[in-house]
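The entries follow in the order in which I looked things up.

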Amino acid sequence: MSEVLNRTEEIVKKAKSLGADEVVAKTTFGRYRQTRFSNNQIDITVVWNDYLTDIALAWKKRVVATQIRNFQNIDERLKQLFELAKVSKENPMFGGFAKGKFKYAASSADKKLENLENPAGYVFEAIQATEKEAGQVVNSGGILFTKFEDVYLVSSDGPVGTDSRSAIELSIRAFSQREASGHGVECSSTLKGFDAARAGLKAGEIARLARNPKLGGEGVYDVILDPLFCGSMLGMWASMVSAFNVMVQLSIFVNKLGQKVASEVVSMKDKPASYSVANRVFDDEGVPTRENVFIDHGVLKTYLHNTSTAKIFKTETTGNAGLVAPNAWNVEMSPGDMSKDELFSEVKRGIYLTNTWYTRFQN
Amino acid sequence: MITKGKAVKPGTMDLVCGPEVTGIAAHESCGHPMEADRILGREMSQAGRFFIYEGGPFWIGTRIGSNVVTIVDDPTIEHSYGYYEYDDEGIKARRRYLYKNGLINEFLHNRESAAKLSTRSNAASRSVNYDREAIVRMANTFVLPGDMTEEEIIEDVNYGVFMKSFTEWNIDDKRFNQRYVGREAYVIEAGKLKHPVARPIIETTTEKFWKAVDAVSKKVEFDAATCGKGDPAQGIPVYTGGPCIRLRGVHVK
């Protein structure tokens, strides 16, 4: 696969020859499989492979970016991109891409996810577990998704890296009645850590509990958030820790560094770990990724940076560079010391929220 | 609106929705629930199961709105954001009457959903790329215009709110219970626009919303939008918008 690395390097050289000051190109060779099911039956299995090259170039502090699919029309697209740079305005926030050579951790991708055998088996395993736990015939639907990506990154500023990333994800929602359902998810970076039945059992358990729902009244309640709900919220908070979103005021964390932004039992980190479906050993500038604790016992410790935002905030990059703006990779909330049963036992009048849908901010 | 807007006293009143609000309501509480693949449960994991289902209280021919409510999905509007002549399964595009004079009239279909419901595709099959599944999608979904001017619609309101645009909206996965929060909004008193209103909210159901409509303006306005659906996500270009509409006697807070 070094041919892909060579072609990616060739793109960087061509962009430089056109006059670009700095160029980063990242080619992802992705193999994706998806099985969708509804009403306890498989509807479709889709397989798609593609080469996607993300390119960002800077010319006199004008920064432009594009994507090229399957290495098509490279010369023409680079020329267009460079012409775009020439008519773009200077970006005063651009502080350059990361410079130097880096060493990266070894990839831990699972080759078994490159060509997953019998995806239907996992689906039916989950459906059967759902019915077993619900104690009745339920109507289940969902998605099984696998990916295997080889990633090749070349920067004109020095970084060169290859990575392989794999993941398997299952989402299953079971309806025990028309208005009663439970949702379970399961994900892993390797097949070894994946248990389809676990998602089915969770969906079945909640589907059973949700039977015969009653309308609740407005009021003050204690609320217990299931990990599926909590994870959705974590994703929103994580996006607001991006230094870019702080700078453009799309964040509740503006001017809050060092301040208390949550209760003391709340700690959050971005950890692109090997077990995560978002695992990666370098960011989009080629900087090694790392664990970043951004909320420590309720106190906001850092924003997530690329090289440019780090310079503006007079700090170091945190290894979170996306093609344009920094991103969180895999956000986790640190566990506490109570069991789920203990959480429930202390609630006299409350609501257990198992999932969320269309969560929006008002401003 | 934020600094000068006054809260509305919660209660039953008339509500005039501007094109932007009418458009989001048409898209979310008519367009999506009329997608036959979802009616069949094809996306039950993420998108839930709709209030429209075979053997349920709502099906083709059921009243869902007042006589003045006709909502179409029309890919044949030239130069529109959701324009196409043939869908991605080769079916010639045509205007689809989703709610017609207040009655549920026809679903949006691709070949698969049409076959399952023993009918024919009406050219709603769209895909963002050659290697993505073509699924049932909207094009340009809007309330057909009526015969009144916006001024005529407002001047016949004794007390109410004009919700010109929205800031937040939400609808449940049955596409039945919903909520729209005004961004630019004004009180209407004795047929005239008065002071700005801060964050007026209507919480209602698809049925109550469309049955409360008694007037539709003849002028329509559209915005280009991207409709999200599918996994992997397939953002597809659509028009949203439509005319001004007036709802009688709804709860606003």
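**Helix pair in chain A.** I began with the contact between α3(A) and α4(A), in which Tyr122(A), Glu125(A), Ala126(A) and Ile127(A) are among the α3(A) residues that meet a set in α4(A) including Ala196(A), Ala197(A), Gly200(A) and Leu201(A). I noted the crossing of α3(A) and α4(A) as right-handed, the near helix being turned clockwise from the far one by less than a right angle.

**Conventions.** I kept in mind that this is a predicted model, in which local features need pLDDT of at least 70 and side-chain atom pairs count only at pLDDT 80 or more, while totals for chains, interfaces and linings use all residues. Residues are numbered from 1 along each chain as its sequence is written, and chains are lettered from A and ligands numbered from 1 in the order in which they are written. Helices (H or I, at least four residues) and strands (E, at least two) are DSSP runs, numbered from the N terminus.

**Domains of chain A.** The assignment gives domain 1 (2-209) and domain 2 (222-353), with bounds from an automatic or database domain assignment. I found 30 residues of domain 1 of chain A in contact with 21 residues of domain 2 of chain A. On the domain 1 side, β5(A) gives the most, with five residues, and by class that side has 15 nonpolar, ten polar and five charged residues. The centres of the two domains of chain A, taken over C-alpha atoms, are separated by 20 Å.

**Between the chains.** I then looked at where chain B meets chain A, and found 14 residues of chain B in contact with 19 residues of chain A. Strand β9 (residues 166-171) of chain B supplies the largest share of the chain B side, four residues, and that side divides into three nonpolar, four polar and seven charged residues.

Chain B has five helices and 15 strands, and its C-alpha trace spans about 55 × 40 × 35 Å along its principal axes. Of its 253 residues, 51% are buried, that is, with 20 or more other C-beta atoms within 10 Å of their own, against 12 or fewer for exposed and in between for partly exposed, C-beta atoms being placed from the backbone.

**Backbone and loops.** Which residues does a cis peptide bond join in chain B? I found Asp231(B) and Pro232(B), with omega about 10 degrees, and Pro232(B) lies in the loop between β14 (213-227) and β15 (236-252) of chain B. Lys61(A), not a glycine, has a positive phi of about 65 degrees, and counts as partly exposed because it has 17 C-beta neighbours inside 10 Å. His297(A), also other than glycine, has a positive phi near 50 degrees, and sits in the loop between β9 (292-296) and β10 (299-300) of chain A.

Methods:
Contact = placed C-beta atoms within 7 Å. Nonpolar A, V, L, I, M, F, W, Y, C, P; charged D, E, K, R; others polar.
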